[in-house]
Amino acid sequence: QVQLVESGGGLVQAGDSLRLSCAASGRTATMHIMGWFRQAPGKEREFVAAVRRIGTGGYYADSVLGRFTSSKDSAQNTWYLQMNSLKPEDTAVYYCAAGGYCAGSGCRVSAGYDYWGHGTQVTVSR
């Protein structure tokens, strides 16, 4: 079992920055991919970004590429989402997630993840 707790959400204005954190505990050695998803009211949960626990490979949604950066700590059990140049359309509940091995498009969908945090609200005003 892996337990995930995310934090760092808040209310900001367009153009501002936020950093989200996800802390994992339990059997973290089973994690291969460590990611972020978001869900806005009335919309499906969508992939945002992910990093691999071992190595430097990562993934980003086209909508956040160049604005958001995903990273991890040296112990590889905490990961972050640095969100810059925030836009109103970034408003959503953000969830961290972890899963086993994935590759390509399999790392960009909810089915590729086994463990989920409870979410943190990010609201971006104009």
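These notebook entries follow the disulfides of one predicted model.

**Ground rules.** I number residues from 1 along each chain as its sequence is written, and side-chain values use heavy atoms, with hydrogens and water left out. Since the model is predicted, local features need pLDDT of at least 70 and side-chain atom pairs count only at pLDDT 80 or more, while totals for chains, interfaces and linings use all residues.

**Entry: the search.** I looked for disulfides (pairs of cysteine sulfur atoms within 2.5 Å). A disulfide is a covalent bond between the sulfur atoms of two cysteines. My search of the whole structure found two.

**Entry: Cys 22 and Cys 96.** I found these two bonded, with their sulfur atoms 2.1 Å apart. The torsion about their S-S bond is about 60 degrees, so I noted a right-handed disulfide. Where in the chain do Cys 22 and Cys 96 sit? Cys 22 lies in strand E3 (residues 18-26) and Cys 96 in strand E9 (residues 92-99). They are 74 residues apart, so the pair links distant parts of the chain. Strands here are DSSP runs of E, at least two residues, numbered from the N terminus.

**Entry: buried or exposed?** I took buried as under 20% relative accessible area, exposed as over 50%, and partly exposed as in between (1.4 Å probe, protein chains only). Cys 22 is buried because its relative accessibility is 0%. Cys 96 is buried too, at 0%.

**Entry: Cys 102 and Cys 107.** I found this disulfide with its sulfur atoms 2.1 Å apart. The angle about the S-S bond is 115 degrees, and the link is right-handed. Cys 102 counts as buried at 5%. Cys 107 is buried at 0%.

**Entry: pairing.** I numbered the bonded cysteines in sequence order and read the pairing as 1-2, 3-4.

Conventions:
Helices (H or I, at least four residues) and strands (E, at least two) are DSSP runs, numbered from the N terminus.
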